Amino acid sequence: MQINEQQLNMVNRQVERLLDANNFYGQRLREAGIEKVETREDFLNLPFSEKQDLRDAYPLGLMAVPERQVVRIHSSSGTTGTPVIIPYTAKDVDDWAEMFKRCYEFAGITNKDRIQITPGYGLWTAGIGFQNGAEKLGAMVVPMGPGNTDKQLQFMMDMKTTVLTATSSYALLLAEEIEKRGIRDKIHLKKGVIGSERWSAKMRERIASELGIELYDIYGLTEIYGPGIGISCSRDTGMHYWDDFIYLEIIDPETGENLPDGEYGEIVITTLVKEGAPLIRFRTHDISRIVPGDCPCGSRFPRIDTLVGRSDDMFKIKGVNVFPKQIEEILQTFPELSSEYQIRISHLDGKDTMRIYIETNGSVNFQQMAERVAQRVKSRIGFTPIVKVVELGLLPRSEKKTKRVIDERFD
């Protein structure tokens with residue numbers, strides 16, 4: 001997806017803003033001798049920005065406007081290392097709400113809906129992002145925040161909420177609780193807007209089936225406003241993103257070169273109108289591809305495919321590079337298994353060991369299932385894991401994001 005003239009002009013205005021602010025990225029541009037961007041080649045010569053750059057700018061080194069114009073800050077949800085602080089102007093907040101409103105509209109959600117918000121509030125962008133967009137739409141907000149499942153379900157029934165916003169992990173937990181308590185006939189949900197973590201096709205099918213709802217995959221990250229910069233449509237052929245607010249590239253994560261539409265690589269995002277903390281060519285580490293052609297829904301907005309993982313979530317075991325997505329794809333070939341799994345990597349007796357925990361129901365022979373899965377992993381990846389089969393529901397469920405890979409080698 002090549003950058004067009006209008007987008008180039010917007011990038012040029014951002015470059016001017018950053019140079020004037022002389023913040024961390026403005027200084028980088030000045031050191032590189034960059035004063036303006038006139039051609040696609042000029043754009044591709046702009047330096048990337050990385051998460052570490054943003055950490056190095058802590059606390060307010062990203063600010064590109066006078067402090068009196070900053071009305072809010074947000075911070076990424078990571079729990080380790082120096083936090084990333086993102087300043088927002090009033091226009092940034094309004095632009096974000098407008099993008100989020102567009103997401104709801106793409107999902108067929110209207111001001112007649114009641115939207116239950118379960119992601120967290122505070123420094124994290126999720127809860128308040130879902131709320132701002134819903135209020136911009138004019139829908140009724142039920143701002144629950146995370147946790148307290150008993151209260152979540154009580155309000156879901158009493159308020160007759162029609163839209164659930166959640167991480168996929170918490171949506172699954174709620175679906176299982178509704179089934180366990182036998183209250184599905186008291187639930188009025190019609191749609192779910194799900195984000196914050198990658199989820200498998202099997203998990204998607206379970207949530208949609210158990211709740212009886214349409215699901216929409218929403219995309220975003222704290223550094224780039226937050227959730228709401230893209231969403232899937234009713235045709236479910238990828239996520240439309242708002243190219244009047246962001247420019248999106250797909251690069252080879254190793255070489256940094258742009259990849260043709262249709263090829264998988266790392267998502268890189270440039271904010272076109274953001275004021276508080278404009279970012280140029282920010283490497284997200286999310287892996288996807290630009291979906292070529294027009295969407296059957298008729299929208300002019302371009303699409304990226306569902307995220308398949310992150311360039312930094314690979315782990316190496318016995319000399320082999322492994323992505324969680326590879327294990328997930330193998331497990332999906334067994335209809336007897338649930339969507340939930342956990343990978344634990346240990347170093348025992350001088351060698352690395354990978355254990356895969358999987359769930360199934362009581363009608364399956366656990367030992368035979370373990371052997372079948374281990375054999376399939378070996379044929380696909382090249383080494384034999386230890387497979388442990390457990391009963392349905394025994395693996396941890398999460399109200400936030402589920403941690404699926406636990407590397408104990410360095411504990």
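User: Take contact to mean heavy atoms within 4.5 Å. Which residues does Thr125 touch, not counting residues up to four places away in sequence?

Analyst: Quick caveats: this is a predicted model, where local features need pLDDT of at least 70, side-chain atom pairs count only at pLDDT 80 or more, and totals for chains, interfaces and linings use all residues. Residues are numbered from 1 along each chain as its sequence is written, and side-chain values use heavy atoms, with hydrogens and water left out.

On to your residue. Thr125 touches His74, Tyr88, Trp96, Thr222, Tyr225, Gly226 and Pro227, leaving out residues up to four places away in sequence. With Thr222 there's also a polar contact of 3.4 Å between the two side chains (a pair of N or O atoms within 3.5 Å; within protein, one must be able to donate a hydrogen and the other to accept it, and residues adjacent in sequence count only if both atoms are side-chain atoms). Thr125 lies in the loop between strand S3 (114-117) and helix H6 (126-137); helices (H or I, at least four residues) and strands (E, at least two) are DSSP runs, numbered from the N terminus. Despite being in a loop, Thr125 is buried, at 2% relative accessible area, where buried means under 20%, exposed over 50% and partly exposed in between, using a 1.4 Å probe and protein chains only.

Zooming out, 56% of the chain's 411 residues count as buried. The chain has 11 helices and 21 strands, and its C-alpha atoms fill a box of roughly 65 × 55 × 40 Å along the principal axes. Among contacts between residues at least 6 apart in sequence, 66% join residues at least 24 apart.
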